Structure formats: C-alpha cells, structure tokens
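Hello,

Here is the structure we talked about handing over. Please open it and keep it beside you while you read the notes below.

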Amino acid sequence: MSLYEVSHVSRRYGRVGTAGSVLAVDDVSLSVEPGQRLGIVGESGSGKSTLVRMMAALDAPTSGEIRFNDEVVSRRAERDLGDLRSSVQLVFQDPRSSLNPRMRVGAIVTEPLRSRLLRASGQVPLDHRARLAEVLESVDLPIEVADRYPHELSGGQRQRVAIARALAPKPQVLIADEPVSALDVSVRAQVLNLVRDLVAAHGLTLIMVSHDLTVVRHVCDSVVVMRHGRVEEQGPSAQVYGEPRSAYTRELLASIPTFRVT
Amino acid sequence: MSPLLEVTDLRVAFGRSHREVVHGISFALEPGERLGLIGESGSGKTVTALAVMGLLAENAYVSGSVRVGGRELVGLRDRDLAPLRGQAMSMVFQEPMTALDPTMPVGRQVAEVLLLHQHLGHGVARGRVIEVLAEVGLEDPERVADAYPHALSGGQRQRVVVAMALINRPDLVICDEPTTALDVTVQAKVLNLLDAELDAVGASCLFISHDLAVVSQLCERVLVMLDGDIVEQGSLAQIFNSATHPYTRGLVATARLDAVEPGERLPTVEDYYQRQVRR
C-alpha cells in the first residue's frame, strides 16, 4: 500500500475566468511508498510548493483527492487530521521566517510535542526534556543552544533547529521545501549530509522540493519534474538524470553551473 | 597598464567598538578583467564591495586606499563620490526586489541613472532606456518599462538591474551575488547575459559569490576571502587544481556536487579546514 496517493489533484487560486486566476497545480497524480525519497523539482511558479502544501494538508485541492495511509486527507476538518499532523512534518526554506524569533530554541523544538492534536494521536514522546536532548544531538547541536534565540544562531544552525523541530514528534514523513536554497554552498553540504543520515537512521519517508537538481539527485531516489503545474516527467533518479525523456528536463540539467576551467 | 581598481590595505570597522571585519586586504583589477571574490556568509565580501562603492553606512570606519582609474576614493566626500557611482562604477545587487523601488515603473528607474549623469531630454532618455532593456534580452521592452517591479518575474527584474548598471557604460561593475536569488535556469540565462554585456561594454567586473561554480562561469581569476582576510588568490585553474589554503580546497570540494556519487556523503569545508573557535 502506498503511503501517499495523490490522484488528479488540481489547485486553482482565484475564481475561474477572473483576472489573476491561476491554475497552480494541474491534474497531478503520484504516489509515495514508505521509505521512498522523492524529489520534486521545477522552477519558481511550477506548482511544486503548492503540491506539497496540499500533501501536508496546509491547503486543499480544488479537485482531485489525496490519500495518506489509505485515508482521504484532502478537504478534511482540522480535528480529523491528527494522524497526518503527527506523522508528517515540514522543514521550510528560510529558517529565519519559519522559527519564531521570540521563542527560545528549546521551546521551538518541543512545541509540536505540546500540541493537543498530536498528543491525542498517542504516538508523541511525552518526556519533552529527554526528547529535546535527543533531537538536538541527532542534528549535531549542543544542548546549550536550547536557551538561545534563533537570531543568535548561524543560518546552518537555524536550519538544524528547524529539522530538530520536525523530528521531535517522531514523524514518518519529512517534507522539506527548498531546505538548503537560503544557505551557502559550504553549509548546504552539511545540511544535506544531515538530512541524508537522519532519513536513513529513522527510516523516514522524504519528500524534498527544490529548484536545484543536483541537490535532489544527491538525496532522493526518485524525482518528479514539474512545469506550469503539471508533471513533466517522473521516475527513478538514475533514469531522469541519466536519460531524461523530456526536453525540459534536459534544459534544466544543462542549466546547472559546473566548473568551467580553461 | 595601470590597474583600473587598486585596493591597498583596506580595513573596515563598525560601530563604537570599532570591530574590524575587513583586515587590511589588497588586490588589483586590470581594465577589462573579471575577478571573482568568493567566501562564506560573513567573510566580508559584501562589505568590501560596499567600501569600494562608498556605500557603507555612517557607522563604518574605512581606512587604506581604494583607487579607481588612479583616483583615490577613501575619504572622498559623498558629493564628490556620487558622480562616479552609476557612471564610472556601478553595482548589480543580489535581490532585485529590494534593489528596485517598488513605487516606480522600472523604465523611470533606469532613466534616472541616465539623467543623473547626462543632460538629456526625457524623450531621448526614454528611447535609450527602451534600447537598453531590449539589449538585456527583455521582450516587449516598452511594456516592461511601464511595469512596476512586482509585475515582473525574478529573472526580468534582475535584467532590469543589469540594464541600470550598464546603461552608462561604466568601467567597473561590481556584481554581488547577482544570481543567488534566482532559479537555476534563470541563473544560467542571467550569467550568459552578464558575460555578453560586460564584453559589449568592455567593463571590468568584480564578481562576488559563495558558489565557485557560478564564479567559474565568468571569471578568470579568483580571490578567496575568509573572516575578513584574503587567504588566497590565483587563476581559476590554480584555485581549482592546486589551491594551497585548506579553506580554498574545502570550498572547491563543496562546490563540486556533481563530482560526488549520488547518495554518498558530501564533502564539507570542515573536512579540509577547521576554523578557530570564535566567541
């Protein structure tokens, strides 16, 4: 059984026919198996973030259906989403805006554990201090950062905090939306290594969105290429990168800056 | 030939405590040359660029020497510096959305650069602006000129910023992470554009980036900056094949994602260079 089953999902912003109405996601179908590491790539405006937001039930499709663990999660009341909320966690692009600047790191990381919705699902660790120490260690941060505020940390450290918060409720699925594009190239490698190790260690299913194909190739075993809200190509990484079928994928691959030494 | 830009023992410190962030760096840029400046966030790349342009805030203390075309800029009053900015030297910023004024059509913003330095009628200026917008590869330049920044895509906005930087055919263009905020495909197009336009104008370029792969698209020579010092400089081939500083070797390794087998652990700078613990 697939973990995620996305069938014929579309999302339109604005009313049909009005100016500014955009079909952000257009009839997308895909499935995610447990343990899969799926990369979703495309340019700005290709609908990749809208798609994962719907998969995380942060947004609802205008048509189509999303099933998680064989239950329909699209267009469901928040109180019935307990299973999904505790099993699916997100990491966003810019940790400066995804971490509350007025909370200390310790409070940020344990916040999901205090959610009534998540506690109700019964799978969430109850000893917050122990869990905090555990997840900070797993993202290679010293326990002392628990007393710090996000602004006192570097970009790479902040993104580690965001990852620690995502791991705290022991999720099955980690959705990362451009987790390294706000980071320096040198910090990018550290964070990617960390994501790779954590996914392996905890047996997580990973869904990673990026405009950077090299990043996705490193971490993911399968890839969906999106363009104008539609799936342009999907398949195992080796195939999409090795023998891309679509001209657009080839264009994306050719755009990656590689060393030019003369 | 004397260098176009000559920076000697440049120091920049901030605030009441005079905390120094650039520690006496020196480098030179020949006419027509393109020089890359790489390093991580916080290494002092942007502060160096702003010091050259004389754009640092008032709490900055600059010492040393910055000469452009033989003329000393450090210590120059703002009113003597202003005529040079946008004329002899110009800058392409990282984030076009903040570099452009959101309340003004982009055509007028490009024209402003022109009118500040040349006495032209507005009609003539507009014609020239449309020309330049077309040169930087914007389709339908008339429409773009009348559009506000928010109505343009990221790539289009950055083309407008490039047009502003090049319209007066400056001798020196400083590009500060000009493609970091852009998608890969757009990045490739903007880099090609910069390459062609710098050649067309014959400008020298100081190109700042944290990504060595991006720098290698445009520059022949590279400076490596670490915590306010230039720790290495050399041709791209030298930096790439036989870097002497471990930090440089680390940067080269991290920029080469394509050289690592998928799924393998990626090299990090720390594999090569352990920074002294600060704070």
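**The sheet in chain B**

Chain B has an open sheet of four strands, in the order β2-β1-β4-β5, and the pairing is antiparallel. Which strands stand at the edges? They are β2 (19–29) and β5 (71–72) of chain B. Each has a single partner strand, so one side of each is left without a neighbour in the sheet.

Please keep in mind that this is a predicted model.

Now look at one pair within that sheet. Strand β1 (residues 5–14) of chain B pairs with β2(B) in the antiparallel sense, over eight bridges. To find your place, go to Val12(B): opposite stands Val22(B) in β2(B). Helix α1 (residues 45–53) of chain B packs on the sheet. This helix touches β1, β2 and β4 (60–68) of chain B. The direction of α1(B) makes about 115° with that of β1(B).

A general point for reading sheets: strands pair through backbone hydrogen bonds, either parallel or antiparallel.

**The sheet in chain A**

Chain A also has an open sheet of four strands. The order is β2-β1-β4-β5, with antiparallel pairing. Here β2 (22–32) and β5 (71–72) of chain A stand at the edges. Each pairs with a single strand, so one side of each has no neighbour in the sheet.

Strand β4 (residues 63–68) of chain A and β5(A) are an antiparallel pair with two bridges. Start at Phe68(A): the bridge partner in β5(A) is Glu71(A). Helix α1 (residues 48–55) of chain A lies across β1 (4–13), β2 and β4 of chain A. It runs at about 120° to β1(A).

**A hairpin in chain A**

Further along, strand β9 (residues 222–227) of chain A pairs with strand β10 (residues 230–236) of chain A. The sense is antiparallel, and there are six bridges. Val225(A) stands opposite Glu233(A) in β10(A). How many residues lie between β9(A) and β10(A) in the hairpin? There are two. His228(A), in the turn, has a positive phi of about 50°.

**Helix packing in chain B**

Helix α4 of chain B packs against two helices that I looked at. Take α5(B) to begin with. The axes of α4 (residues 106–117) and α5 (residues 122–135) of chain B come within 9 Å and cross at roughly 115°. The two are therefore roughly perpendicular to each other. The crossing of α4(B) past α5(B) is right-handed. On the α4(B) side, the contact uses Gly107(B), Val110(B), Ala111(B), Leu114(B) and Leu115(B). On the α5(B) side, the residues include Ala125(B), Arg126(B), Val129(B) and Leu133(B). By class, this contact has eight nonpolar, one polar and two charged residues.

Next comes α7(B). Helix α4(B) and helix α7 (residues 154–166) of chain B pack at an angle of about 20°, and their axes are 8 Å apart. That makes α4(B) roughly parallel to α7(B). This crossing is right-handed. Val106(B), Gln109(B), Val110(B) and Val113(B) of α4(B) meet Val160(B), Ala163(B) and Met164(B) of α7(B). The contact holds six nonpolar residues, one polar and no charged. Find Val110(B) on your screen: this residue is part of the contact with α5(B) and of the contact with α7(B).

**Helix packing in chain A**

Helix α7 (residues 155–167) of chain A and α8(A) pack at about 15°, with axes 10 Å apart. That makes α7(A) roughly parallel to α8(A). The crossing is right-handed. Among the residues in contact are Gln159(A), Ile163(A) and Leu167(A) of α7(A), and Val187(A), Val191(A) and Leu198(A) of α8(A). The classes are six nonpolar, four polar and one charged.

**Where the chains meet**

In the contact between the chains, 26 residues of chain A touch 31 residues of chain B. On the chain A side, α8 (185–202), α9 (213–219) and α11 (247–255) each supply at least two residues. Which helix gives the most? It is α8(A), with six residues. By class, the chain A side has nine nonpolar, 11 polar and six charged residues.

**Confidence**

The predictor gives the complex an ipTM of 0.78 and a pTM of 0.86. Chain B averages a pLDDT of 91, and 98% of the residues score at least 70. Where pLDDT is low, predicted coordinates should not be read in detail.

Best wishes

Notes: Residues numbered from 1 in each chain as written. Chains lettered and ligands numbered in written order. Predicted model: local features only at pLDDT ≥ 70, side-chain atom pairs only at ≥ 80, totals over all residues. Contact = placed C-beta atoms within 7 Å. Nonpolar A, V, L, I, M, F, W, Y, C, P; charged D, E, K, R; others polar. Axes fitted to C-alpha atoms, helices over the stretch in contact; angles between N-to-C directions. Parallel < 35°, antiparallel > 145°, perpendicular 65-115°, else oblique. Left-handed = near helix turned anticlockwise from the far one by under 90°. pLDDT = per-residue confidence, 0-100. Pairing = 2+ DSSP bridges.
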